Amino acid sequence: MQSLISIITPVLNAADTVQQTLDSVAKYCPPDTEHIVVDGGSTDGTLQILQQSDAILIHQDKPGLSAAMNQGLSHARGRYILLLNADDFLMPDVQGILINLPIRPADNTVYYCDILQRDEKSGLEIPCRANIDHINKYMSVYHPGLIVPRAVYDVVGLYSEEFELAMDSEWVHRCLASGISFRYVDGVSATMRLGGRSHVSLGASLAEYRRSVTQHKVTPGHIASYYFVRQLGLQTLLKFRPFRSFWLSMRGV
């Protein structure tokens, strides 16, 4: 019988966090969920952890995060796909979210949820309310909060391997350009740790986002450049503790 959900996890040297990822899938997903883990050549003990789990382990055959995601998708049998990085983990709300998905997915609708972002340095968990209406300014929906019918990938295509940091943004922009609709589902699906490549290489990530949003005509070029400068400035300021504390207090965190 076809699985309801396929969870796809790209991983490379995540021995410190991947067990929590695996445990959250086992705890909060329906019994017929398949968890596909695509390993990019880990050397730190990650493979030993994966080999003792129920996850389907695939060895990555092309370099790059986009390639890993696409390789996982090529093996997925689920009617819905959820991408979950090896330093992220699912939250209890995802149980109800997944159970209430339509049995027969449409090929024109993506579901999206809220997430938490976890700052390991401070221990703070920052609520991030997703809103597709802001996707012309910044990445306002998050891949651990996207639940995608497999049929939508058949319509729109897989992740572009020309994008290595903002591949999820580019895919969402491509969906919008193709007439795919996005439906908000109330709930927090996952916690995403800060400090990944898109945060470390912030300027490059925002540049890829700007390229995508203009390429797919979601935002005019001059407006996209304004948002690029604004986001780069904001994220740079957030590295300074006093400003970050003020910003978090304004958000009620």
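1. Helix H6 is followed by Gly179, a residue whose phi is positive, near 85°; helices here are DSSP runs of H or I with at least four residues, strands are runs of E with at least two, and both are numbered from the N terminus. The model is predicted, with local features requiring pLDDT of at least 70 and side-chain atom pairs counted only at pLDDT 80 or more, while totals for chains, interfaces and linings use all residues. Residues are numbered from 1 along each chain as its sequence is written, and side-chain values use heavy atoms, with hydrogens and water left out.

2. Of the 11 residues of H6, 9 are buried, so the helix is largely enclosed by the rest of the structure (buried means under 20% relative accessible area, with a 1.4 Å probe and protein chains only). The buried residues of H6 include Asp168, Trp171, Val172, Arg174 and Cys175. Among the elements that cover the buried residues of H6 are helix H3 (65-75), strand E6 (109-119), helix H5 (150-156) and strand E9 (181-193), together with E8 and H8.

3. H6 (residues 167-177) packs against helix H8 (residues 202-215) at an angle of about 10°, the axes lying 9 Å apart; axes are lines fitted to C-alpha atoms, for helices over the stretch in contact, and angles run from 0 to 180 degrees between N-to-C directions. The two helices, H6 and H8, are therefore roughly parallel to each other, a term that covers angles under 35 degrees. Met167, Ser169, Glu170 and His173 of H6 meet Glu208, Tyr209, Ser212, Val213 and Gln215 of H8, where contact means heavy atoms within 4.5 Å. By class, the residues of this contact are 3 nonpolar, 4 polar and 2 charged (Ala, Val, Leu, Ile, Met, Phe, Trp, Tyr, Cys and Pro count as nonpolar, Asp, Glu, Lys and Arg as charged, and the others, Gly among them, as polar).

4. The structure holds 1 cavity of 30 Å³ or more, a cavity being a set of points on a 1 Å grid over the protein atoms alone where a 1.4 Å probe fits but cannot get out, with lining residues having an atom within 4 Å of a point. The lining of the largest cavity consists of Leu82, Leu83, His143, Leu146, Val148, Tyr153 and Tyr159, and by class it has 6 nonpolar, 1 polar and no charged residues. Strand E4 (80-83) and strand E8 (146-149) each supply at least two residues of that lining.

Technical notes:
1 Å grid on protein atoms, 1.4 Å probe; cavity = no way out; pocket = protein on both sides within 12 Å on 5 of 7 lines; lining within 4 Å. Points joined across faces, edges and corners; volume = space filled by probe spheres on them. Parallel < 35°, antiparallel > 145°, perpendicular 65-115°, else oblique. Buried < 20%, exposed > 50% of the residue type's maximum accessible area, 1.4 Å probe, protein only.
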